[in-house]
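Here are a few exercises to work through with the model open beside you. Try each task before you read its solution.

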Amino acid sequence: MTEHDAQPTADRDQAPTAAPQQTPRETGEDPTRHDTPHDAAQPGTGPGGAEQTAGHEDGAQVSTDVTPPGIPEAAIPELVIISGMSGAGRSTAAKCLEDLGWFVVDNLPPALIPTMVELGARSQGNVARIAVVVDVRGRRFFDNLRESLADLEAKNVTRRIVFLESSDDALVRRFESVRRPHPLQGDGRIVDGIAAERELLRELRGDADLVIDTSSLNVHELRAKMDAQFAGEEEPELRATVMSFGFKYGLPVDADLVVDMRFLPNPHWVPELRAYTGLNEEVATYVLNQPGAKEFLDRYAELLQLIAGGYRREGKRYVTIAVGCTGGKHRSVAMSEKLAARLAAEGVETVVVHRDMGRE
C-alpha cells in the first residue's frame, strides 16, 4: 500500500523466482514505421512573396517548403492523466489501465508529460496509449501542470483527465485502516491533510473529463468502472501461465489453481522413457494414452472456461495454473503443454513454464 492510495488493491500474480523455461503461446510483432527525413533545403520566397523552388539537373522543380518539425499527428499516443485525492484509488485505476495495455507512469512530474508523449510518438507504434499518474507527491512540480496541458493542446494531443474523488469520512477510514499519515497533514490531523489536498486539486477537478466517486466502491467495482470507460467493446483480456512442477520441490507460491497428475502411471518406471521429458512426443503419447488422462484434459479445460469467465467479471487479468507430478519431469510437463494448447485455442494468451524440469 502506497501513501498516495490507501484503498486496497487487487492481488497481482508474481513471476517464478527460478529461471524456468518459457514457451509463449501467442506472440505479436509491433509494427515498424520508417521515418522520412525532412528536405535539408530551407524555404524561401521570391519577389512579391512567391515561393521559390530548387531546380535539379534534369529540370524537375522541387519545392523547398519544409514542414515544421514536431510530432507526426498519426503517431501521437492517446493520453490519460489520472489524479485525485490520496486514498481514493489512483493506483487501482492505474493498474487497471496497465492491465488493459496502457503504458503507465506513476508520479511523473507534470513538466515532463509533453516529453513523455513525444517519446511515445517516436516509438514506432510501440507506445500508443500512455497513462500518467499526477498527485500531490509531486507538489513541487504541480504548478507546471497547466502549462504542460497548454503545450499538449498546442501539439494537438488528445488527453483525458480522470479524477478520483471520495468523501472525507471514507478517506479518513482508509488512512486509519493502514495506519499511514496523509501526505499533506504534516504535524496536523488526517482531516487537515485532506482539506489542504482538496484546495490544491480544486481547479484540476473542475477540468476533469471523468470524475469517479469511490466513497462506496470496492476495488472490483472501481475496476469495473474503469473497464467500462477504457476497455471498449472488447472483453477484458485474460493471461494464463501454465506451470509444471514437482511436488518433491514444493508447491509454487504464486499458483492460483493446482492440479495433481500423480494419478497417472509414472514414465520414470519405463526404462526407454526415463531419460526423456514430457516434451518428448513418446512420453506425451504415453501419458495421454493412460486411462483417465484424456477425460481429465477435456473436463478440466471446460472447467477453466467457466473459471476464466468469472475471473474476467471480477477484473482478474492473470491466472497461474500449476500442474504437478512427483519430479516435474514427465507427466506434469506433458499435461501442461496440452492444457496450454487448449487455452490458446480458446483465445487466452498463454505461457508455459516448466519450473523443475532438469533439476533431477
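**Exercise 1.** Are Asp356 and Arg355 buried or exposed?

*Solution.* First, some ground rules: this is a predicted model, where local features need pLDDT of at least 70, side-chain atom pairs count only at pLDDT 80 or more, and totals for chains, interfaces and linings use all residues. Residues are numbered from 1 along each chain as its sequence is written, and side-chain values use heavy atoms, with hydrogens and water left out.

Next, the cut-offs: buried is under 20% relative accessible area, exposed is over 50%, and partly exposed lies in between (1.4 Å probe, protein chains only). On that scale, Asp356 is buried and Arg355 is too. Finally, look at how they pair up: Asp356 makes a salt bridge with Arg355, with 2.8 Å between the closest N and O atoms. A salt bridge here is a side-chain nitrogen of Lys or Arg within 4 Å of a carboxyl oxygen of Asp or Glu.

**Exercise 2.** Find the salt-bridge partner of Arg205 and say where each of the two sits.

*Solution.* Start at Arg205: its salt bridge goes to Glu165, and the closest N and O atoms are 2.9 Å apart. Now place them: Arg205 belongs to helix H5 (residues 190-207) and Glu165 to strand S7 (residues 159-165), so the pair links distant parts of the chain, 40 residues apart. Helices (H or I, at least four residues) and strands (E, at least two) are DSSP runs, numbered from the N terminus.

Then check accessibility. Glu165 is buried at 11%, while Arg205 is partly exposed at 36%.

**Exercise 3.** Locate Ala224 and work out how far apart Ala224 and Ala93 are in space.

*Solution.* Ala224 lies in helix H6 (residues 219-230) and is partly exposed, at 43%. Along the sequence, Ala224 and Ala93 are 131 residues apart, yet C-alpha to C-alpha the gap is 9.9 Å.
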